[in-house]
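Open your viewer, keep the sequence panel at hand, and follow along one selection after another.

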Amino acid sequence: MTDDQIREGVLRVLAGIVPGADLTALRPDLGLRDQLDIDSMDYLNLAIGIHEELQVDIPESAYDQLETLDDFVRYLAERTSGST
Amino acid sequence: MPTLGADMSVGILSSWLKKPGDTVQRGDIIAVVHTDKADVEVETFASGVIERMLVEPGSEVPVGTPLAVIRESGEAEPTAASEQEARLMISPSARELAHELGVDPAEVRGSGPGGRIQRKDVEAAAAARDPARPPPSAPRPAVAPQAPAAAPSADDRGAAMRRAIGAAMSRSKREIPHFYLGHTIDLSRAMSWLTESNVHRSVSERLLHGVLLLKAVALALRVVPELNATWQGDEVVRHDDVNIGVAIALRGGGLVAPAIRHTDELSLDELMHAFRDLVTRARRYSLRSSEISAPTITVTSLGERTVDTVFGVIFPPQVAIVGFGAVVERLWVSDGQVLPCPVVSVSLSADHRVTDGHRASAFLVALDRLLQEPEEL
């Protein structure tokens, strides 16, 4: 799975969690929490959605290192490498 | 029209989901009502066959107005007038006056036969709420059919919600003699237990720490039950069911506080499921009437934004609100040692007509004790 495919997958999940947000304006290097006004329930839903979309289980212990879209892409790329 | 919360006296009937002749069971959703805060799915409180609808879609309907006639099993053919008056226990004249004065009939104590609400009861309730409030110049019709409204814009909904919240909070600060207590709780055991528990759960079954707080509040209310109550007329009514209203921030501003029913009886897994479902639907502006009318106390948390402490304003007719700040690491003295510990600041805003600082502090002590034994929640 390429980085672009992962990015699109994460954005699809985010679109379902924050339906009114303009994700085209999302800065990949800035925190999702502040940009999208999301909370811990949204983060949990994001983890669940990524599990369903990309079949990657993000442990709670990894939450602290996942603040930006780039963080998610990087983290998920390491765990989906070789899947395509 | 069921109670739509302290900040809502009317709703617009958007659509019927049932038709005359349909059989319904208590709890079935029969209609959708639009309010400034949500599209509310109205549940029926009776089982039987729908005789007829009394309100057309697009009508603005005051709280307490009958929406439909349901003939219960074995019940004789009803007449519209007797059905309406018996069920509401309020005279048509009093109902009209209540609407005119913006008084929720559900919160008026009737002095007539069998507790029937009369005009004087409504006048007394209005005077007690705001003695200085002048009467309106012209009464509004009880039911005013109108063209179905277009879906509100985000700005319109936001402005309407702010007005509704402002009205409810103004009423609260005007009528309820608040007092406030604060306490800091060591969450070392609770957070360790939560982390360990979540390691063994699938991602979709993980718990948030807020669920532990909700359950602990629910159980602490068994210790100090006078806080699980509503103020009706001029007296407090305690409730056996613990239905915690959860303050949920909406996208772009505003909030709602629908209830998780029987919070104290749910397991943590059940509570997490209910909590997640409620947050999801609230943020889609889709709630059920029982969730809006049921709260017996509210819990609010601003910890997401690293706020240390929140001192809430009580949602009428409730008599208390519990506020949680962020879970933060602080140096904490425990067993003679100074250690970094996760702690949370909790506040209690309570109604001095109902309780006092001594009892309210007992609630916070109980809450603290419960959170020291998370495996028992």
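Among contacts in chain A between residues at least 6 apart in sequence, what percentage join residues at least 24 apart? The figure is 67%, where two residues are in contact if their C-beta atoms, placed from the backbone, lie within 7 Å.

Before you select anything, a word on the model and its labels. This is a predicted model, in which local features need pLDDT of at least 70 and side-chain atom pairs count only at pLDDT 80 or more, while totals for chains, interfaces and linings use all residues. Residues are numbered from 1 along each chain as its sequence is written, and chains are lettered from A and ligands numbered from 1 in the order in which they are written.

**Stop 1: chain A**

You will find 4 helices and 0 strands, in the sequence pattern α-α-α-α; helices (H or I, at least four residues) and strands (E, at least two) are DSSP runs, numbered from the N terminus. The radius of gyration of chain A is 12 Å, close to the 12 Å that the globule rule gives for 84 residues, so chain A is as compact as a globular protein of that length. That radius is taken over C-alpha atoms, and the rule is 2.2 Å times the number of residues to the power 0.38. Along its principal axes, the C-alpha trace of chain A spans about 35 × 25 × 20 Å.

Now colour chain A by burial: 29% of its 84 residues are buried, meaning that 20 or more other C-beta atoms, placed from the backbone, lie within 10 Å of the residue's own.

**Stop 2: the sheets of chain B**

Move to chain B and pick out the open sheet of 6 strands, in the order 8-18-17-16-11-14 with mixed pairing; two strands pair if DSSP finds at least two bridges between them. Strand 8 (178-186) and strand 14 (259-260) of chain B stand at the edges, each with a single partner strand, so one side of each has no neighbour in the sheet. Next, zoom in on strand 11 (residues 244-246) and strand 16 (residues 297-301) of chain B, which pair in the parallel sense over 3 bridges. There, Ile244(B) stands opposite Ile297(B).

Chain B also has an open sheet of 3 strands in the order 2-5-7, with antiparallel pairing. Its edge strands are strand 2 (23-24) and strand 7 (68-71) of chain B. Look for Thr23(B), which stands opposite Val49(B) in strand 5 of chain B.

**Stop 3: the nonpolar cores**

Which residues have the most contacts inside the largest nonpolar core? Select Val217(B), Ile244(B) and Phe275(B), in a core of 82 residues. Such a core is a set of buried Ala, Val, Leu, Ile, Met, Phe, Trp, Tyr and Cys residues joined through C-beta atoms within 7 Å. Helix 6 (residues 209-223) of chain B gives the largest share, 9 residues. Domain 1 (10-159) and domain 2 (176-376) of chain B both contribute residues, so this core lies between them; the bounds come from an automatic or database domain assignment.

A second, separate core of 20 residues includes Val13(A), Ala47(A), Ile58(A) and Leu69(A). Back in chain B, Phe275(B) touches Val211(B), Leu214(B), Val246(B) and Ile260(B), leaving aside residues up to four places away in sequence.

Methods:
A residue is buried if 20 or more other C-beta atoms lie within 10 Å of its own, exposed if 12 or fewer, and partly exposed in between; C-beta atoms are placed from the backbone.
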